[in-house]
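Subject: Structure handover

Hello,

Here is the structure for your files.

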Amino acid sequence: MDHIFFLGTLICVWIIVSVAANLVIGYTGMLAMGQAVYLGFGAYAASCLNIFLGVNYFVAVAIAAVASGFVAVLTLLPLLRLEGMYFALATLGLNFVFFDLFRNLGPRVEGSEGLYGIILPAALATPTAQFFTTLAVAVLCIIAAARLVKSPLGRALRATRDRPDALLSLGKSPTAYHIVIWGVAGALTGLAGGLYAATLFYIDPTLFTINASILVLVYIGVGGLASIGGSILGPVLLITFTEALRYLGLPSTLMGPIQQALYGALLIGVMIFRRKGLVGTHDFQE
Amino acid sequence: MISRSSGLQIERLSKNFGGVHVFEDVSMRIPPGQVTACIGPNGAGKTTLINIVCGVLSATSGDVLLDGRSLLGLAPNKISRRGVCRTFQDVRIFPSLTAVENVLAAFPDQRGEKLRCLYRPGSQWGVQERSNRETALALLDAMSMRDLAERAAGQLPFGQQKLLALLRAVVTGAPILLLDEPAAGVELELIPRVTGLIRRLAKDEGRGTLLVEHNVDVVREVADFVVVLQGGSVIAAGPCDHVLRDERVIEEYLGRIYDA
Amino acid sequence: MANALQLLTIGIGIAGYYALVAVGFAIIFATLRIFHIAHGTVFIAAGYLFFFLYRVYGVDMLWSGLAAIVVAALVGLAIDKAVYIPVMRRGGGLFSVFIASLGVSLIFDAGFLVYTKGVITVARTAPLAIISVGGVTFRALDLLVLAVVFMVYGLLYLWFHRTKTGLAVRGLTDNRGLAAVVGMNVGQTRTLIFLVASALAGIAGVLTAYDTGIAPDTGSRTLFVAVVAVILGGVRNILLGTIFGSLSLGILTAYAGFFFPEWVTFGVFSTMIALILVRPRGVFG
C-alpha cells in the first residue's frame with residue numbers, strides 16, 4: 001500500500017513539472033529542453049537548506065521554489081536572442097552543463113554520490129502523508145495555472161507563441177512574457193523538485209539529467225500541448241502504465257530499457273501522428 | 001481612450017540596403033483627423049517606409065517625428081506605445097486565438113496580463129477584462145463579424161482576417177495608424193466596412209492615418225491627401241482630387257492600374 | 001613538453017573519429033536542415049553489428065566491417081524514410097523531426113543496452129601495435145584512421161566537385177528552393193545523402209568498436225562532440241569546416257580529458273552554448 005502512495009506522490013510531482021513545462025512549451029511556444037535543471041536545483045536547494053541549515057522543510061521548499069525561479073530567469077537571459085532549434089539546443093546543453101555542476105560541486109554526504117538526511121516534518125514523514133501533502137500542492141498548482149491560462153496573460157502567451165512580431169506592433173513585448181512565464185515555470189519546477197527530494201529521501205545528480213527533461217517532453221507530448229488536462233493526463237497514464245509493466249513478470253533489468261524504448265516510440269508516434277497529444281489544443285508546426 | 005497627437009512627421013527619409021536604393025529624401029506629414037494615402041507601384045518602398053517608421057527597419061538618413069520627438073532607434077513595441085500602430089500586408093493575426101481573442105489581445109494596459117494582478121484580490125482585472133470583451137464584441141458586431149467571434153482566427157477567410165487585423169490596430173487606441181493595404185484581398189461587399197471604419201477613425205476619433213493602398217477606389221473614398229511614391233522618391237503630393245487627376249500620375253501609375 | 005605533444009597526438013587520433021561522424025551529420029544538416037541526432041545511433045549500430053559478425057559469428061573481419069557499413073547506410077536511410085519523412089509530410093517542422101530523432105535514439109540505445117548489458121564491447125582480439133616516434137607514442141591503428149579520414153574526405157571532395165550527384169547535393173546546401181526549381185530530383189538526392197552519411201558513420205563505428213570498444217552511450221557522446229565540431233566549423237564549407245572543428249574538438253577534449261576529466265562534458269556543452277550565442281555559423285560560415 002505504501003508503494004501505491006509513493007507512486008501517487010511521484011505522479012503528483014511530475015504533474016507539477018508537466019504543468020510548468022506546458023506553460024512554457026505548449027502555451028508560449030518556447031522549445032525548452034532543460035527543465036530537469038530547475039528540478040534538480042529545487043531539490044538540492046531545499047535539501048541543503050534543511051540538512052545543513054536546519055530550515056523547516058516546508059520553508060525550505062518555498063525558498064527553493066523562489067530561488068529556482070530566479071535561476072531559471074538567469075539561465076534564460078543569455079538565450080533570449082536565440083530562436084527555434086538554436087534555443088532548443090542551448091537549453092539541451094544546459095542539462096549537461098548543470099549535470100557536471102551538480103556532480104562536481106553539488107553538496108553530498110561524505111562518502112556517497114548524493115545527498116540524504118532530510119528532516120521531514122510530520123506532513124511528509126510517511127508515504128501516506130507525503131501523498132496527500134503533495135497532492136494538495138499539485139492541486140493548488142493546477143488551480144493557479146488554470147487561472148493563468150484562462151486570463152489575459154494566458155492569451156498574451158498564446159499570442160507570443162503564434163506571432164511575436166504582431167505582438168510587438170501592438171505595443172507588447174514577447175520577451176517580457178517569455179521571461180515571466182519562464183520564471184513561473186522555473187519556480188513551479190523547483191517546487192516540484194523540493195517535494196521530489198522529500199519523497200525519494202536520497203538525491204543525486206543522475207536524477208536530473210537530459211533523461212528527466214526528455215521525460216517531461218514525453219509526458220506533455222503524449223498528454224497534450226497547451227492543456228492543463230494534458231499535463232495531468234500524461235504523467236498519470238505513463239507512470240501508471242510503466243508501473244503496470246512491472247507486473248508482467250519481466251526481469252527487472254529489462255524494465256529500464258523497455259520503458260526507454262516505449263518512450264522513444266511514443267515520441268516518434270506523437271511527432272508523426274499527433275503532435276497535439278491526446279487532449280492538447282496546440283498542433284505545433286515547428 | 002485615444003490619446004491625442006499633433007501628427008507624425010516623416011522628414012527626408014532615405015533607405016538603402018547596401019547599395020540598393022529603396023527611396024531617397026521622402027518627406028510627408030500624417031496630420032491628425034486626416035487620411036493620407038500613399039500610392040505607387042510595387043517595390044516603390046511603401047511597406048519599407050512603414051517598417052522604418054515602426055522600428056522594424058533602420059533608416060539610412062532622415063528622421064521620423066511624433067509630436068516633435070524622434071522615433072528612430074526605438075523598439076517596435078515602444079513606438080507602438082508612443083502612439084503609432086500598424087497593420088501588416090500579410091495580415092499576421094494570431095491564428096490559434098479566436099477572433100474576439102485577437103481583438104482582446106490588443107487592448108493596452110490590461111491588468112490581467114500582469115502576473116501580480118492575477119493573484120491579488122482587489123486588482124479587478126476580471127472587471128476590466130469583461131469590459132474589454134464587451135467593447136471587442138461590439139466592434140466585431142460593427143464589422144458584421146459577431147457570429148465569428150469564437151472561431152479560430154486562422155480558420156477565417158483572408159478578408160475577415162484583414163478586418164480583424166484592422167480592429168486590432170484600432171483597439172490599441174493609437175492616434176496614428178499605418179495601414180498596409182487594408183482592403184487588399186477583402187471581399188467586395190466588405191470593402192465599404194473598411195472604408196467606413198477608416199473614415200470614422202479619422203473624422204470621429206481624430207486619428208491620423210497613413211494608408212498604403214493599390215485600390216484607387218478606396219483611396220478616392222477615404223483619402224484627404226495622397227502621396228505618390230515612385231522610383232525612390234515622391235513624385236506628387238497634395239489633396240486627393242488634385243493628385244489623382246495629375247497627368248503624370250495617371251500616365252505613370254494609374255494608367256497601368258486600369259490597364260492591368 | 002613531451003606531455004603536450006603526446007596529448008596533441010592523442011587529440012589528433014580522436015579527431016579522426018569525430019571527423020568521420022561529424023561530416024555525415026554536417027552533410028545532412030547542411031542540405032536538409034535536419035538535426036539527425038540518431039546519427040550517433042547509426043554509428044554504434046555498425047559497431048555492434050561488426051562485433052556480432054566478427055566475434056560472435058566468426059565472419060572474416062573485413063567482410064564483417066563491410067557488412068556493418070552497408071547495414072549502417074541502410075539503417076540511416078530507413079530512419080529517414082520511416083520517421084523523418086512521415087513527420088514532415090504531416091506538417092512537422094525541424095524541431096518535430098529532432099524530437100522524433102531523439103525517439104529513435106532512445107529505442108536503439110535501449111536495445112543495445114539489453115544486448116550488451118552495458119558492458120563495453122571491444123571487437124579487437126589482438127593488442128594494437130604501438131609506434132614510438134620522438135618521445136610520442138601512438139598506435140598503428142591511429143595511422144589507419146587518419147588514412148581513412150584522408151581518403152574519405154578526398155573522395156567526398158571529388159564527389160562534391162566532379163560528379164553530377166555530388167553537385168546536386170552541394171546544390172542543396174546553397175539553396176533548397178533553387179535546387180527544386182532546377183528540377184533536380186530532391187528525393188533521390190536525399191536518399192543518397194542519408195546513405196553516404198550513414199555509411200561514413202558506419203566506418204567510424206567499425207573502427208571505434210575495433211579500437212577502444214563501444215558502449216550504448218558512446219553514440220550520443222561522440223555525436224554531441226561531433227555536433228559541436230560542426231557548429232564550430234560551420235557548414236558553408238562542409239569539408240573544411242568539419243576537419244577544422246573535429247581537430248579542434250579532438251585536441252580540446254584530449255587536453256580537457258587529461259587536466260579536467262571531471263569537467264569534459266561541462267566543457268563540451270559550454271562551448272556549444274557559447275558558439276550558438278556568439279557565432280552559430282561557425283568559424284568559416
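Predicted model: local features only at pLDDT ≥ 70, side-chain atom pairs only at ≥ 80, totals over all residues.

Residues are numbered from 1 along each chain as its sequence is written, and chains are lettered from A and ligands numbered from 1 in the order in which they are written.

Chain A

Chain A holds 11 helices and two strands. Here helices (H or I, at least four residues) and strands (E, at least two) are DSSP runs, numbered from the N terminus. Their order along the sequence of chain A is α-α-α-α-β-α-α-α-α-β-α-α-α. Chain A is as compact as a globular protein of its length, because its radius of gyration is 18 Å, close to the 19 Å from the globule rule for 286 residues. That radius is taken over C-alpha atoms, and the rule is 2.2 Å times the number of residues to the power 0.38. The C-alpha trace of chain A spans about 55 × 45 × 35 Å along its principal axes.

Of the 286 residues in chain A, 59% are buried. A residue is buried if 20 or more other C-beta atoms, placed from the backbone, lie within 10 Å of its own. Among contacts in chain A with a separation of 6 or more, 79% are between residues 24 or more positions apart. A contact means that the C-beta atoms of two residues, placed from the backbone, lie within 7 Å.

Chains A and C

The contact takes 32 residues from chain A and 35 residues from chain C. On the chain C side, the elements giving two or more residues are α3 (61-89), α4 (94-116) and α11 (264-278). The largest share, 16 residues, comes from α4(C). That side of chain C divides into 24 nonpolar, eight polar and three charged residues. Ala, Val, Leu, Ile, Met, Phe, Trp, Tyr, Cys and Pro count as nonpolar, Asp, Glu, Lys and Arg as charged, and the others, Gly among them, as polar.

Strand β3 of chain B

In β3(B), residues 35-39, five of five residues are buried. B:Val35, B:Ala37 and B:Ile39 lie on one side, with B:Thr36 and B:Cys38 on the other. Four bridges join β3(B) to the parallel strand β8(B), residues 208-212, where B:Leu211 is the bridge partner of B:Ala37. Strand β9(B), residues 225-230, also pairs with β3(B) in the parallel sense over four bridges, and there B:Ala37 has B:Val226 as its bridge partner. Pairing requires that DSSP finds at least two bridges between two strands.

Regards

Methods
Buried ≥ 20, exposed ≤ 12 C-beta atoms within 10 Å, placed from the backbone.
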